[in-house]
Amino acid sequence: MGKNDKCNKCSCDLCSVINADPVDMEKHGARLLTVRIRVNNVCFDKKVAVACIIYDQFHRILAFRGFITIICRNECSSNECGTIERKLVFVLPDDDISDPNEIEVRTAANYIYPCE
């Protein structure tokens, strides 16, 4: 779409409306899993990639999510490092989980450009 084109119902999917009834998650066999991620000692003003991976008892990946973030130094901070804190919510199929204690959560974080 060009600069002067207007969005109308035929030009893009963003303009379409979907009518959906509320879904009962428990009835359809899904569970919500909330994971709180905390990465300490992160350098300010550096791009960091963080991934969270959910495994089942057989080490199969059930779900994963990743994000890229930068911690900016604020004027009040006297520390040399900061902390990334994020809450991620996953929807897990109930079929793959017989015992919630058998779920394994792993996180990994790396600087994208460590030498800059």
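# Reading a five-strand model

Guide: Let's start at C72, which sits in the loop between β3 and β4. Keep in mind that this is a predicted model.

Visitor: Is C72 buried or exposed?

Guide: Exposed, because its relative accessible area is 56% and the label applies over 50%.

Visitor: And which residues does C72 touch, leaving out those up to four places away in sequence?

Guide: Two: F44 and D45. There's also a C-alpha distance to look at here: C72 and C43 are 29 residues apart along the chain, and their C-alpha atoms are separated by 9.0 Å.

Visitor: Let me step back. What does the secondary structure of the protein come to?

Guide: Five strands and zero helices. Reading from the N terminus, the order is β-β-β-β-β.

Visitor: Among contacts between residues at least 6 apart in sequence, what percentage join residues at least 24 apart?

Guide: That comes to 71% for this protein.

Visitor: How do I read the core?

Guide: The general idea is that in soluble globular proteins, nonpolar side chains tend to be buried together. Here the largest nonpolar core has 17 residues, and the ones with the most contacts inside it are I37, C52, I54, I84 and F90. Two or more residues of this core come from each of β1 (30-43), β2 (47-55), β3 (61-70) and β4.

Visitor: Which residues does I84 touch, not counting those up to four places away in sequence?

Guide: I84 has contacts with I37, R38, V39, V42, V48, V50, F67, T69 and I71.

Visitor: And T83, where is its place?

Guide: T83 belongs to strand β4, which covers residues 81-93. T83 is partly exposed, since its relative accessible area is 34%. With residues up to four places away set aside, T83 touches R38, V39, N40 and I71. If you like C-alpha distances, T83 and C43 are 40 residues apart along the chain and their C-alpha atoms are separated by 8.7 Å.

Visitor: Now for charges. How many salt bridges does a search of the whole structure find?

Guide: The idea is that side chains of opposite charge can pair when their charged atoms come close. The search of this structure gives three salt bridges. One of them joins the side chains of R38 and E85, at 2.8 Å from N to O. R38 lies in strand β1 and E85 in strand β4, so this pair ties together parts that are 47 residues apart in sequence. R38 is exposed, with a relative accessible area of 54%, and E85 also counts as exposed, at 54% relative accessibility.

Visitor: What is the N to O distance in the salt bridge of R60 and D56?

Guide: It's 2.7 Å. D56 is buried, because its relative accessible area is 3%, while R60 counts as partly exposed at 46%.

Visitor: Which residue does R106 form a salt bridge with?

Guide: R106 pairs with E104, and the closest N and O atoms are 2.7 Å apart. R106 counts as partly exposed at 41% relative accessibility, and E104 counts as partly exposed at 27%.

Visitor: To finish, what does the accessible surface of the whole protein come to?

Guide: About 9,500 Å², with 49% of it belonging to carbon and sulfur atoms. As for the inside, 22% of the 116 residues count as buried.

Notes
Residues numbered from 1 in each chain as written. Predicted model: local features only at pLDDT ≥ 70, side-chain atom pairs only at ≥ 80, totals over all residues. Heavy atoms only, no water. Helix = DSSP H or I, 4+ residues; strand = E, 2+ residues; numbered from the N terminus. Buried < 20%, exposed > 50% of the residue type's maximum accessible area, 1.4 Å probe, protein only. Contact = heavy atoms within 4.5 Å. Core = buried A, V, L, I, M, F, W, Y, C linked by side-chain atoms within 4.5 Å. Areas by Shrake-Rupley, 256 points an atom, 1.4 Å probe, with all protein chains shown as cover. Salt bridge = Lys/Arg side-chain N within 4 Å of Asp/Glu carboxyl O.
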